[in-house]
Amino acid sequence: MNTRQVTSWAARAGGGLVRACVVLVLSMVVPAVWAATVALGIRWGAGNPWSWLPVVLVAPLATLVLSRPVCRAFRSLVTRWTDTVIAPGYRQAPPVVLMSTGYWWNGFSYERTHRDARLDQRWRLRWNDPANWRDLRFTAIVPLTAGLLAAVPPAGVAAAVIGMAQPALPARLIGVLGLAVAIGSAPYAWRCVEPVAVRFLRASAAMELAERVDELTAQRADATIAQAAEIRRIERDLHDGAQARLVGLGLSLATAEKLMETDPEAARALMREARAGAATSLTELRELVKGINPPVLNDRGLVDAVRALALDSPLEVTVSAEGRLRLDPPIESAAYFGTAELLTNAVKHAHATRARVSLARDDTGIVVTVEDDGGGGADERPGGGLAGLRRRLAVFDGTLDITSPAGGPTCVRMAVPCASS
């Protein structure tokens with residue numbers, strides 16, 4: 001064995017020893033709490049009426065509090081050391097939304113105030129999450145599996161230190177043997193933490209189902225809020241625009257009818273104004289319909305609709321696509337309005353001059369990529385436009401990926417699983 005191999009083995013042994021010690025310490029956090037509480041109860045003595053308190057109350061409560069941080073630490077270590085990602089599987093807090101009834105919906109119950117809804121949601125998620133039982137089970141299993149094997153190298157080092165300090169030959173032989181065991185096992189003793197963590201920390205089928213139900217509940221609430229907001233927008237546009245003009249048109253026609261005999265010239269002027277108002281109202285109604293369901297999207301499909309959108313944009317937009325890409329109407333509408341919002345953001349916020357839109361199919365569905373040469377720094381804020389776009393895509397199990405470093409460029413990728421033709 002040459003010097004390079006010896007150095008490499010020594011580095012692996014040293015790194016393995018450190019990792020084994022980390023696994024051992026994390027594995028023994030909860031058992032150490034129980035040992036400390038038992039020792040405290042024994043010290044207080046059987047005659048002390050409070051001697052049962054540490055074991056019966058403090059230790060279980062500390063276990064429940066420490067189990068989640070310990071499990072998160074193990075997931076982080078496994079990801080860092082082996083590149084194996086273990087999904088946390090914890091229930092995520094759905095958005096707290098104000099319903100039309102005036103109550104706040106937190107995904108579990110209706111509350112009168114936003115604060116009460118958040119507080120109730122936090123407690124329900126913390127204590128009713130099925131992942132709590134999974135974490136408790138892991139903290140009970142890991143000391144007897146990964147923790148036990150990870151204890152071998154530190155135990156060998158301890159035996160070596162104690163044995164070498166003794167003058168007797170048998171003790172020194174035990175020290176040498178301990179050192180050999182520590183060096184030989186250090187590169188491998190910590191590796192058992194990966195299969196143990198993968199087996200006992202991954203989300204179960206029931207937890208994945210519960211998470212999916214929570215996700216669908218949140219999507220339903222988002223869809224309800226978005227639908228109510230869209231209805232209010234349509235009502236507002238009709239009330240402030242076309243409806244007001246049509247009322248004025250009716251008044252002008254009534255006045256013209258009265259002036260027809262006495263002042264024909266004034267009556268003709270009112271008729272001209274009424275005709276202009278009717279044309280303006282028709283234009284506004286067409287724009288409103290276009291904002292609800294663009295005719296070009298129904299008639300010519302997503303690709304041509306995006307190209308028409310690019311022609312109306314103040315940016316220099318290049319559109320590339322694979323064929324016509326006929327999709328289900330709801331998915332076409334989501335992709336179209338998502339593209340329109342991204343191009344608007346490029347103009348208003350990024351101050352871009354050029355943009356490129358690409359539409360393509362992959363193995364699962366449609367992928368729309370919008371790139372611009374703006375200043376970048378796009379940030380997805382709660383309640384913002386990008387967060388709303390993500391929620392709208394999530395209704396179709398779609399995803400939104402944003403790459404926007406400071407200084408640009410910005411690239412946003414929308415992917416929606418679907419069947420296309």
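Buried residues are those under 20% relative accessible area, exposed residues those over 50%, and partly exposed residues those in between, with a 1.4 Å probe and protein chains only. By this definition Asp-135, with a relative accessible area of 0%, is buried. The model is predicted: local features need pLDDT of at least 70, side-chain atom pairs count only at pLDDT 80 or more, and totals for chains, interfaces and linings use all residues. Residues are numbered from 1 along each chain as its sequence is written, and side-chain values use heavy atoms, with hydrogens and water left out.

**Figure 1. Overview of the chain, with 14 helices and eight strands.** Helices (H or I, at least four residues) and strands (E, at least two) are DSSP runs, numbered from the N terminus. The chain has 421 residues, of which 36% count as buried. Contacts are defined by heavy atoms within 4.5 Å. Of the contacts between residues at least 6 apart in sequence, 65% join residues at least 24 apart.

**Figure 2. A network of salt bridges linking Arg-75, Arg-134 and Asp-135.** A salt bridge requires a side-chain nitrogen of Lys or Arg within 4 Å of a carboxyl oxygen of Asp or Glu; the whole structure contains eight. In the pair Arg-75 and Asp-135, the closest N and O atoms are 3.8 Å apart. This pair links distant parts of the chain, 60 residues apart, with Arg-75 in helix 3 (residues 53-82) and Asp-135 in helix 5 (residues 131-141). Both Arg-75 and Asp-135 are buried. Asp-135 also forms a salt bridge with Arg-134, with the closest N and O atoms 3.3 Å apart. Arg-134 counts as buried, at 3% relative accessibility.

**Figure 3. The salt bridge between Asp-373 and Arg-354.** The N to O distance in this pair is 3.7 Å. Asp-373 is partly exposed, with a relative accessible area of 33%. Arg-354 is likewise partly exposed, with a value of 47%.

**Figure 4. Packing of helix 13 (residues 329-348) and helix 14.** The axes of helix 13 and helix 14 come within 11 Å and cross at roughly 165 degrees. Axes are lines fitted to C-alpha atoms, for helices over the stretch in contact, and angles run from 0 to 180 degrees between N-to-C directions. Angles under 35 degrees count as roughly parallel, over 145 as roughly antiparallel, 65 to 115 as roughly perpendicular and the rest as oblique. Helix 13 and helix 14 are therefore roughly antiparallel. Their crossing is left-handed. Contact is made by Gly-338, Glu-341, Leu-342 and Asn-345 of helix 13 with Gly-385, Leu-386, Leu-389 and Arg-392 of helix 14.

**Figure 5. Packing of helix 2 (residues 29-44) and helix 3.** The two axes come within 9 Å and cross at roughly 165 degrees, which makes helix 2 roughly antiparallel to helix 3. Helix 2 passes helix 3 in a right-handed crossing. A crossing is left-handed if the near helix is turned anticlockwise from the far one by less than a right angle, and right-handed if clockwise. Residues in contact include Val-29, Trp-34 and Trp-44 in helix 2, and Pro-54, Leu-66 and Val-70 in helix 3.
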